Amino acid sequence: MGVLPVVASSALTGDYRRLLELCPVLELRLLDGGEAAPSAADGWYSGAEIAADERALAAVLAGEEARIAAEHGRSPRPHVTASRLLHHYVWSACLIVAGPWHLARRVPVVDPGDLWLHAPTGALALRPREHVALPGDDELRAELRAAVVAHVGPVLTAFARPTRRHDRALWGMVTDDLASALWYLGRMLGEEDAAVAAAGAVLPGGTQPLPGAADFRRLHTPDGRGHHTRTRLGCCLYYAVEPAAAACLTCPRTSDDERLRRL
């Protein structure tokens with residue numbers, strides 16, 4: 001493809017402001033170019049620090065354990081804590097990269113050093129910098145996948161031991177969370193069908209290291225209504241945090257009959 005046209009632009013800030021208006025679950029603070037980076041002294045750690053510094057990783061894991069214990073009244077097993085925190089980080093990073101692509105066909109270049117996680121609260125901070133814009137849809141989708149892979153790759157390596165997951169399972173989580181982020185954004189836009197189609201085009205399968213496809217399908221309830229669903233490649237382990245809760249609707253442990261019953 002040659003040299004990609006990487007553009008330094010303020011347009012991303014507008015994309016992110018719109019994304020934050022649409023997606024209330026995304027707790028994201030936007031930093032301008034001259035604003036000081038969040039500090040570890042205040043509990044903030046960048047993705048690069050989490051990937052390279054065991055103390056930073058231990059701090060964000062301790063924060064996740066404390067939040068789960070406060071919300072659910074019990075501390076989970078260490079690999080569950082690590083898996084839940086990684087899922088939170090990866091899903092958020094996927095939405096941060098894929099959001100401007102879906103809204104404005106801009107793929108942000110998000111260095112792990114420009115995205116911070118707040119250990120006590122799980123909130124995020126981002127310094128937007130540059131984006132890639134390409135005329136061809138296939139090329140731009142490939143760039144989206146590449147941007148996600150480049151950002152999360154070092155973080156996955158750091159989490160492999162505490163999550164007890166191997167490469168395929170870790171990249172399966174990324175596949176799931178990228179599909180889920182686009183699906184969520186589509187629902188928030190009121191354009192679920194379009195977002196499901198977009199996720200299928202981004203994740204058709206065979207795009208290593210992402211091991212699977214979005215693979216959405218429809219289930220029809222007795223009233224004739226169709227509902228989008230998919231089966232995750234891996235379990236998010238929410239049941240291990242809240243044993244009384246039913247498995248997620250997209251969980252590999254949930255049958256289509258059970259999904260229809262709950263729909």
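Good morning. A disulfide is a covalent bond between the sulfur atoms of two cysteines. In this analysis, a pair of cysteine sulfur atoms counts as a disulfide if the two lie within 2.5 Å. Please keep that cut-off in mind as we turn to the structure, which is a predicted model.

I begin with the cysteines. How many disulfides does the structure hold? The number is 0. Consider Cys 236: the closest cysteine sulfur belongs to Cys 248 and is 3.7 Å away, which is too far for a bond. Cys 248, for its part, is in no disulfide, and its nearest cysteine sulfur is that of Cys 236. The surroundings of the two residues may also be stated. Cys 236 counts as buried, at 11% relative accessibility, whereas Cys 248 is partly exposed, with a relative accessible area of 28%.

Next, the interior. In soluble globular proteins, nonpolar side chains tend to be buried together. Here, the largest nonpolar core has 64 residues, and those that touch the most other members are Leu 95, Ile 96, Leu 115, Phe 159 and Val 174. Several elements each supply at least two residues of this core, among them the helices α1 (11-22), α3 (54-72) and α5 (137-163), and the strands β5 (115-118) and β6 (124-126). Which element provides the largest share? That element is α4, with 14 residues.

Let us look at one member, Ile 96. Leaving aside residues up to four places away in sequence, Ile 96 touches Tyr 16, Leu 26, Leu 28, Pro 108, Val 110, Leu 115, Leu 124 and Leu 126.

Finally, the backbone. Most residues other than glycine have a negative phi, and most peptide bonds are trans.

Gln 208 and Pro 209 are joined by a cis peptide bond, with omega of about 10°. Pro 209 is found in the loop between α7 and β8 (217-220).

The loop between α7 and β8 also contains Asp 215. Asp 215 is not a glycine, yet its phi is positive, at about 50°. Is this residue buried or exposed? Asp 215 is exposed, and its relative accessible area is 57%.

Arg 164 is in the loop between α5 and α6. This residue, again not a glycine, has a positive phi of about 60°. Arg 164 is exposed, with a relative accessible area of 64%.

Thank you for your attention.

Terms used. Residues are numbered from 1 along each chain as its sequence is written. This is a predicted model: local features need pLDDT of at least 70, side-chain atom pairs count only at pLDDT 80 or more; totals for chains, interfaces and linings use all residues. Side-chain values use heavy atoms; hydrogens and water are left out. A nonpolar core is a set of buried Ala, Val, Leu, Ile, Met, Phe, Trp, Tyr and Cys residues joined through side-chain atoms within 4.5 Å. Buried means under 20% relative accessible area, exposed over 50%, partly exposed in between (1.4 Å probe, protein chains only). Helices (H or I, at least four residues) and strands (E, at least two) are DSSP runs, numbered from the N terminus. Contact means heavy atoms within 4.5 Å.
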